[in-house]
Amino acid sequence: MAVVDSEYCFVVIDVGAYGREGDSTVFKESPFGQKLYSEELDLPTPVYLPNATDSPQPFVFVADEAFGLHKNLLRPFPGRGLTERRRTFNYRLSRARRLVECAFGILANKWRVLHTAILVQPEFTDDIIKACCILHNFVRRRDGYKFEDTLSNNLDEFQMNGTAGARQEGIIVREYFADYFVNAGSIHFQQRYM
């Protein structure tokens with residue numbers, strides 16, 4: 001599990017959970033997830049979004065539907081009976097989540113050891129994966145961004161539960177972003193791709 005920046009570099013990784021554990025459980029038990037839910041991360045104070053002056057919004061992480069909604073963690077609206085506004089939100093969230101998927105694809109394509117089963121002890125496997133992530137970041141920073149790196153990744157393979165109050169705040173933040181994406185924060189081509 002990882003947090004990725006806009007340059008496809010890994011900012012936070014959590015390695016070592018077994019595949020049978022759910023993403024939300026792994027996240028909740030990770031040091032990063034615990035700090036997010038207990039509001040111990042040193043996140044910047046809320047800011048006004050571009051072209052909006054009505055309500056400052058918190059900085060958020062984007063996630064898929066496996067994660068719980070939180071004021072600092074946005075997930076898509078469930079897929080049935082979506083309004084145009086909610087489909088727009090899901091589309092825009094999906095575009096942001098692609099960075100993470102592309103980062104994993106770039107990582108695996110650069111370090112081919114990640115394309116097959118790693119036949120070593122589990123603890124050593126964790127070290128190999130951590131080393132690959134560190135080397136990935138080093139190479140990305142040394143060589144810079146190459147658009148071609150993102151073209152061969154499979155974007156179809158997209159891969160938390162806080163207190164009730166945090167979830168309610170998450171609902172409010174998600175609704176704000178949904179309104180924002182169809183109003184002040186809309187982009188001219190978003191309707192073509194939904």
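Good morning. I begin with the second largest pocket, which is lined by 15 residues. Of these, E39, L43, P58, K71 and N72 lie nearest the centre of the pocket. The structure that you see is a predicted model, and the values I give are computed from it.

Space of this kind can be located in a simple way. Rolling a probe the size of a water molecule over the atoms shows where empty space is left. For the second largest pocket, the volume is about 220 Å³. Sorted by class, the lining has nine nonpolar residues, together with three polar and three charged ones.

Let me now turn to the protein as a whole. Its secondary structure consists of five helices and four strands. Read from the N terminus, the order of the elements is β-β-α-α-β-β-α-α-α. The protein has 194 residues, and 36% of them are buried. Its accessible surface is about 11,800 Å², with carbon and sulfur atoms accounting for 53% of that area.

My last topic is the cysteines. A disulfide is a covalent bond between the sulfur atoms of two cysteines. How many disulfides does the count give? The count comes to zero. Consider C133: the closest cysteine sulfur belongs to C132 and is 7.0 Å away, which is too far for a bond, because a disulfide requires the two sulfur atoms to be within 2.5 Å.

Is C133 buried or exposed? C133 has a relative accessibility of 6%, so this residue counts as buried, the limit being under 20%. C9, at 3% relative accessibility, counts as buried by that rule too.

Thank you for your attention.

Definitions and conventions:
Residues are numbered from 1 along each chain as its sequence is written. This is a predicted model: local features need pLDDT of at least 70, side-chain atom pairs count only at pLDDT 80 or more; totals for chains, interfaces and linings use all residues. Side-chain values use heavy atoms; hydrogens and water are left out. On a 1 Å grid over the protein atoms alone, a cavity is a set of points where a 1.4 Å probe fits but cannot get out, and a pocket is an open set with protein on both sides within 12 Å along at least five of seven lines; lining residues have an atom within 4 Å of a point. Grid points are joined across faces, edges and corners, and a volume is the space filled by probe spheres set on the points. Ala, Val, Leu, Ile, Met, Phe, Trp, Tyr, Cys and Pro count as nonpolar, Asp, Glu, Lys and Arg as charged, and the others, Gly among them, as polar. Helices (H or I, at least four residues) and strands (E, at least two) are DSSP runs, numbered from the N terminus. Buried means under 20% relative accessible area, exposed over 50%, partly exposed in between (1.4 Å probe, protein chains only). Accessible areas come from the Shrake-Rupley method with a 1.4 Å probe; for residues, only the protein chains shown count as cover.
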